[in-house]
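The following questions and answers examine how the terms applied to a structure rest on its computed values. Please read each answer beside the sequence and the coordinates.

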Amino acid sequence: MSDPRRLLLAGGRVLDPATGFDATADVLVEGDRVVAIETTPGRLEGEATERRDVTGLLVCPGLIDPHVHLREPGQGVKETIATGTQAAVVGGFTSVCCMPNTNPTLDTADMVSWVDMRARDVAACRVFVAAAATVGRQGQALAPMHAMRAAGAVAFTDDGDGVADADMMRWVLQTCASLGAAFMQHCQEPTLTRNAQMHEGAVSARLGLVGWPRVAEELMLERDLRLDRSIGARYHAQHLSSGNSVDILRAAQADGVPATGEVSPHHLLLTDEACDGFDTNAKMNPPLREESDRRALVQGVADGVITVLATDHAPHTAAEKAQPFEEAPLGIIGVECALPLYAEALVAGGAIDWPRLVAMMTIEPARLLGLDRDGLGRLAAGGPADITVIDPDHAWRINASTFASKARNCPFNGRPARGRAMLTIVGGDVKVDRLG
Ligand SMILES: [Zn+2]
């Protein structure tokens, strides 16, 4: 047998936010594992069969996106597990967690297993399933959560809709608590958002569009946290959009509720003004809100109330998004340009530094989904060789026409970007290599 390939990433700034490790070091990968991290230059040189100079770059645990829509089964015209995960690795992600609002819904153990098997065949990165909490995401009957957990579901959510029924929500939280899995809520009180098209405010009034008031998010978040005070399930608020939600979450955390929250690039950078001109790439759920909300979300990250970054990658076809604003589907894609957008919103503005940004894209989502138990979200000797090498200064321009995703619905198309994944390694396999 020939010698196994041993890849040395030499001279980078190695970050492992789980331990606070932050030093210039060499990383040696053998097979699918990291076998050594060495701060003394040159000591590992003799061990390697292949060497990459990553001086000046950040060597990070592989990035994890806890909120993507891969659209399979049933909507392969928008995206597939193959194309969505290829887009993910292009963006530097080595693991994604897919949402259950597919057709059929991911609400049985068989469906969870189907995604798992399909991903093993075609995916470019690791795929984890967030399974539906209720049958068909209808909010009426509890889905077989124990069986889906046994089949590998890492969390539960009815994403696309919130669980509106309070009694059902209590059952879901109790079941999640007994399973030790997180519930991830799409906070949207449905009676306040009937026929809603965008944020309810001055812009919706001017455009004559039905508004989605921020209180619809806040009401469900407050209710859930109130319910969870006596249950203690791991509760996670998805894609926060209202500035007030940060205060609600902060108060619950201070009271000891095990609650976390996530925020997406678009809510950190854009406002409802982007809907002016009826641009359907500014139509999403929850909607883009106002500058005060945007600032509060950034501050929520700076304060450590919001600890998880998630793209809510939501592919749609060009034909679907070419419809009039009222008919166009909700959502935008995100995995291929998320990293520089987070850096622009959070690091360039001084809210957080690069190590914290990396933590919010690695160990924090890993803990949310329980992946840290398998060493994901970490970069350590003996752990899995999921590694993302980032050039924080790489200047480029977002060009949706070059995306690996099937979809092009990106409001950031043409935007100058700074920061990029230069090397994406999944289980020791180099999936993306921009180092040349
Ligand atoms: Zn959602």
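Q: Why is H186 called buried?
A: The relative accessibility of H186 is 2%. Buried means under 20%, so H186 falls in that class. The model is a predicted one.

Q: How do you know whether D159 is buried or exposed?
A: D159 has a relative accessibility of 1%. Because the limit for buried is under 20%, D159 counts as buried.

Q: What makes D159, H186 and H239 donors of the zinc ion?
A: The coordinating atoms are OD of D159, ND1 of H186 and NE2 of H239, at 1.9 to 2.3 Å from the zinc ion. A donor is an N, O or S atom within 2.8 Å of such a metal, and therefore these atoms qualify. Water is not among the atoms, so the site may look incomplete.

Q: Which spacing do the donors of the zinc ion follow along the chain?
A: The pattern is D-x26-H-x52-H.

Q: Why can D159 and H186 be said to tie parts of the chain together?
A: D159 belongs to the loop between β9 (155-156) and α4 (166-179), whereas H186 belongs to the loop between β10 (182-185) and β11 (198-199). The pair therefore joins parts that are 27 residues apart in sequence.

Q: What makes helix α1 (residues 81-90) largely enclosed by the rest of the structure?
A: Of its 10 residues, 8 are buried, which means that the rest of the structure largely encloses the helix. The buried residues are I81, T83, G84, T85, A87, A88, V89 and V90. Their cover includes β7 (93-98), α2 (109-122), β8 (126-131), β17 (416-426) and β18 (429-433). Contact here requires heavy atoms within 4.5 Å. After α1 comes G92, with a positive phi near 100°.

Q: How many helices and strands does the protein have?
A: The protein has 13 helices and 18 strands.

Q: How much of the protein counts as buried, and what share of its contacts joins residues 24 or more positions apart?
A: Of the 436 residues, 60% count as buried. Residues 24 or more positions apart account for 74% of the contacts with a separation of 6 or more.

Methods
Residues are numbered from 1 along each chain as its sequence is written. This is a predicted model: local features need pLDDT of at least 70, side-chain atom pairs count only at pLDDT 80 or more; totals for chains, interfaces and linings use all residues. Side-chain values use heavy atoms; hydrogens and water are left out. Donors are N, O and S atoms within 2.8 Å of the metal (3.2 Å for Na, K and Ca); water is not among the atoms, so sites may look incomplete. Helices (H or I, at least four residues) and strands (E, at least two) are DSSP runs, numbered from the N terminus. Buried means under 20% relative accessible area, exposed over 50%, partly exposed in between (1.4 Å probe, protein chains only).
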